[in-house]
Amino acid sequence: ITFTIGSTALLYLLLSGGSSFQWNSVMTYVLLVVVILFIGVFIRIQMKHPVPLIPIKLFQNREILIPNLVSFLASIILIGLTTYIPLWIQNVLHQGATFSGFILLPMSIGWPLGATIGSRYLIKVGPKPVSLIGISLLTLASLTLPLITTSSSIWMMVGIIFVMGLGFGLSITTFTIVVQ
């Protein structure tokens, strides 16, 4: 119940802030207090409960904390990418939904390719170099996204999306194996 209330307040704040109410309004601060209070109570309950939903002590282990944290951040990039790029292509480039879906296709090719390559090197060199290469590719591709303009080549965008797919395949897949 505490997690549901805290996460619902956070989602409502993030989705409605700036549109239904101002970011510096009383409603924002009330929602922030609700989020901090209820998520804090949830964490406290999880730490004391004999059979917790989320064993907080697991996050004291670096092999679990770091992959989960980096995967969380990479997932933010993934959700932003798969949400924003199709909208940008449709609303700015005035292309159809099918075309915007095809732009994301290289990620669906790069991800399994990166996962396959990464799994082979994971056995040879270990998880750290493989995941660092993946995160580096993901970071590099993310930093090149703002360079895309209306006059940019579609192939440039396709290349960036493919490199992001490789980065996701190398990093998230490696982190999943490490945590397991």
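The text below covers the helix, the cores and the pocket in turn.

This is a predicted model, in which local features need pLDDT of at least 70 and side-chain atom pairs count only at pLDDT 80 or more, whereas totals for chains, interfaces and linings use all residues. Residues are numbered from 1 along each chain as its sequence is written, and side-chain values use heavy atoms, without hydrogens and water.

**Helix α3.** Helices are DSSP runs (H or I, at least four residues), numbered from the N terminus. The 30 residues of α3 (residues 62–91) should span 44 Å at 1.5 Å a residue, and the end C-alpha atoms are 43 Å apart, which agrees; the expected span is 1.5 Å times one less than the number of residues. At the N-terminal end, Asn61 caps α3 through a side-chain oxygen 3.0 Å from the backbone nitrogen of Glu63. Buried residues (under 20% relative accessible area, 1.4 Å probe, protein chains only) of α3 include Ile64, Leu78, Ile85 and Trp88. The buried residues of α3 pack against the helices tabulated here.

| Element packed against α3 | Residues |
|---|---|
| α4 | 97–125 |
| α5 | 127–144 |
| α6 | 154–179 |

**Nonpolar core.** A nonpolar core is a set of buried Ala, Val, Leu, Ile, Met, Phe, Trp, Tyr and Cys residues joined through side-chain atoms within 4.5 Å. In the largest, of 20 residues, Ile85, Met157, Ile161 and Phe168 touch the most other members. Two or more residues each come from α3, α4, α5 and α6, and α6 gives the largest share, 7 residues.

**Pocket.** α3 also gives the most to the lining of the largest pocket, with 5 residues.

Note on methods:
Buried means under 20% relative accessible area, exposed over 50%, partly exposed in between (1.4 Å probe, protein chains only). Contact means heavy atoms within 4.5 Å. A polar contact is a pair of N or O atoms within 3.5 Å; within protein, one must be able to donate a hydrogen and the other to accept it, and residues adjacent in sequence count only if both atoms are side-chain atoms.
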